[in-house]
Amino acid sequence: MRPVSPYPAGPHGAVLAHRNPSSTTAQSSMAARLSLARPSVVSERAIRLITVVISGVALALMLISLRPFAVRLTYSSGAENTGDALNQYGFLAAGCICSLALMCLANRRVLTSLLSPGFLLLGLVLAFNLMRSPYPDLMMRAVLFTLIGMLIAFTMVALPRNQADFRLALGLGAGAALALSYIGLVAFPDLAKHGFDVYEPQHSGLWRGHFSHKNIAGPVMSVIAIFGLYLMRSGQRFSGFVMFAAAAVFVANTGSKTTAGLFPVSVMIVMMAPLFASAGMAILTSIAAIGGVGVFTLGVLYRPDISLLVAKLTGDQTYTGRTTLWEFSLSMIPNKPWLGYGLYNFWQTENVLGLDAPFEAAWDYRYIVHGHNNYLDILLNLGIVGGAILCWVLFVAPMINYAKARQRPAKRALADMFFMIIVFASLLSFIETFFLARNDAIWLMHIMAVFGLHLLARFEIDPGPSSTIKRRQRAAMPVFSGPGPSRPAAPHNAPSGPPRG
């Protein structure tokens with residue numbers, strides 16, 4: 001038997017009808033599955049094992065990176081622009097392996113589905129910014145590794161043969177990251193916890209695990225907790241609960257109050273879809289939440305009453321000094337509103353390094369690594385034109401894909417998981433920057449969810465052996481190895497039952 005794709009052609013792709021012999025008009029809506037590998041070369045079991053291993057390692061690489069327990073500096077002189085040989089060659093090798101795996105094992109229609117208007121326009125935005133960059137060599141390297149990270153994220157969701165295999169790969173990758181962080185707390189507490197930092201003394205003793213900073217550890221652990229929720233909803237209650245509980249405890253110990261608040265809000269927003277049996281309810285609520293978080297973050301710059309309310313709720317109306325960066329960013333956007341300053345060409349460049357020292361500000365924005373606001377940094381880097389395209393790809397299109405994917409009952413739990421990540425990322429974007437951020441774990445989880453919803457909206461996915469579909473229904477599923485049915489349809493005048501004597 002030939003191995004099949006996890007995303008066979010579905011109702012939005014090429015659907016092959018299967019006639020019911022007992023009726024001249026009844027037709028099956030079950031989609032055809034496409035053959036991917038030569039059975040004479042590799043067996044189906046071996047193919048499944050390979051795809052699970054590659055997907056699990058891809059997820060672990062995105063969550064752990066090649067330099068765990070590395071320290072990230074809040075202020076930087078730009079020395080990191082010289083690059084890291086291990087990360088460069090390691091991710092380049094991972095990109096080559098993922099490319100080979102996709103070419104050999106993935107459905108061709110899954111790959112060509114990436115040639116959508118949104119992704120093509122995003123490619124044009126990257127090419128345009130590459131051509132206008134004052135440092136084309138550095139820009140080329142940054143774009144290359146961003147694309148490699150996106151390729152690894154796409155491989156994670158495109159390779160598994162069914163949802164059961166996907167859950168196995170998810171457990172392997174996320175479990176490895178979770179275990180490494182907890183092992184670090186025991187074996188390397190000086191690295192897995194924040195020590196004294198002259199710039200951030202308030203972070204001393206807070207957990208960061210194998211991540212470089214608590215502001216990365218908190219959001220990524222929240223995503224891992226979302227993985228645990230998906231596993232619980234898919235029938236793996238024990239392993240899912242362990243993953244959810246361990247990740248949630250870790251989030252609480254990072255000391256990130258905003259992340260700890262946005263995570264449950266994101267979960268509750270998406271759970272409105274099964275509660276009201278409507279994806280539209282979750283989408284509308286998420287849009288309202290995005291507007292609300294925008295008011296309570298950027299609104300503190302313009303409304304004293306909002307600032308006082310935030311101070312009462314959180315104890316800090318400046319969001320640990322972020323308001324200084326937001327105010328500076330908003331003052332710089334009007335200078336180049338349409339095309340921006342160029343991708344990766346604002347922070348730590350002449351655009352800010354040549355300014356006078358802001359002695360009255362909470363942070364010296366001349367040496368800051370980013371503006372701690374995805375939306376403002378998108379406008380600074382890409383302007384209104386490029387920013388609109390990127391926001392469409394990262395936030396708007398996933399909402400549309402989620403509504404389409406949730407029409408199929410077998411996809412709902414997986415679609416909910418991906419949309420939880422999208423909603424969480426959209427809310428987190430008001431206090432952190434991670435768009436097109438090369439191998440940043442938060443960015444990779446965000447784009448992985450984008451790809452996941454993109455595929456779920458266009459293709460069917462086999463629930464796998466652990467599905468609750470009845471045995472008879474599974475046995476009736478036609479498995480096609482080519483463009484036609486596996487057996488000829490019965491003639492229109494064929495009898496519907498055994499011949500009578």
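**Exercise 1. Overall architecture**

What percentage of the 501 residues of the protein chain count as buried? State also the secondary structure and the share of contacts between residues 24 or more positions apart.

*Solution.* The structure is a predicted model, in which local features need pLDDT of at least 70, side-chain atom pairs count only at pLDDT 80 or more, and totals for chains, interfaces and linings use all residues. Residues are numbered from 1 along each chain as its sequence is written, and side-chain values use heavy atoms, with hydrogens and water left out.

Step 1. Buried means under 20% relative accessible area, exposed over 50%, and partly exposed in between (1.4 Å probe, protein chains only). By this criterion, 51% of the 501 residues are buried.

Step 2. Helices (H or I, at least four residues) and strands (E, at least two) are DSSP runs, numbered from the N terminus. The protein chain has 19 helices and two strands.

Step 3. Contact means heavy atoms within 4.5 Å. Among contacts with a separation of 6 or more, 76% join residues 24 or more positions apart.

**Exercise 2. The salt bridges of D416**

Determine which salt bridges D416 forms and which parts of the chain they link.

*Solution.* Step 1. Side chains of opposite charge can pair when their charged atoms come close. A salt bridge is a side-chain nitrogen of Lys or Arg within 4 Å of a carboxyl oxygen of Asp or Glu. The whole structure contains seven salt bridges.

Step 1. One of them joins D416 to R233, with an N to O distance of 2.9 Å. D416 belongs to helix 17 (residues 412-428) and R233 to helix 8 (residues 214-233), so that this pair links distant parts of the chain, 183 residues apart. D416 is buried at a relative accessible area of 0%, whereas R233 is partly exposed at 36%.

Step 2. A further salt bridge joins R406 to D416, the closest N and O atoms being 2.8 Å apart. R406 lies in the loop between helix 16 (374-405) and helix 17, so this pair ties together parts that are ten residues apart in sequence. Both R406 and D416 are buried.

Step 3. R233, R406 and D416 are therefore linked in a network of salt bridges.

**Exercise 3. Aromatic pairs**

Describe the geometry of the pairs F119 with F451 and Y319 with W326.

*Solution.* Step 1. A pair of aromatic rings is described by the distance of the centres and the angle of the planes. Rings of Phe, Tyr and Trp (its six-membered ring) pair if their centres lie within 6.5 Å; planes under 30 degrees apart count as stacked, over 60 as edge-to-face and the rest as tilted. The search finds 18 aromatic pairs in the whole structure.

Step 1. F119 and F451 are 5.6 Å apart, centre to centre, with 40° between the planes, and the pair is tilted. F119 lies in helix 4 (residues 117-132) and F451 in helix 18 (residues 441-456), so the pair ties together parts that are 332 residues apart in sequence. F119 and F451 are both buried.

Step 2. Y319 and W326 also form a tilted pair, at 5.5 Å centre to centre and 45° between the planes. Y319 and W326 are both buried.

Step 3. F328, Y341, F346, W347 and Y365 form one aromatic cluster.

**Exercise 4. Helix 9**

Step 1. S181 lies in helix 6 and is buried, with a relative accessible area of 0%. Residues touched by S181 include F250 and M221.

Step 2. Helix 9 is followed by G255, whose phi is positive, near 75°.

**Exercise 5. Surroundings of M417**

Identify the location and contacts of M417.

*Solution.* Step 1. M417 lies in helix 17 and is buried at 1% relative accessibility.

Step 1. Not counting residues up to four places away in sequence, M417 touches F166, L170, I226, F227 and Y230. M417 and I226 are 191 residues apart in sequence, with 6.5 Å between their C-alpha atoms.
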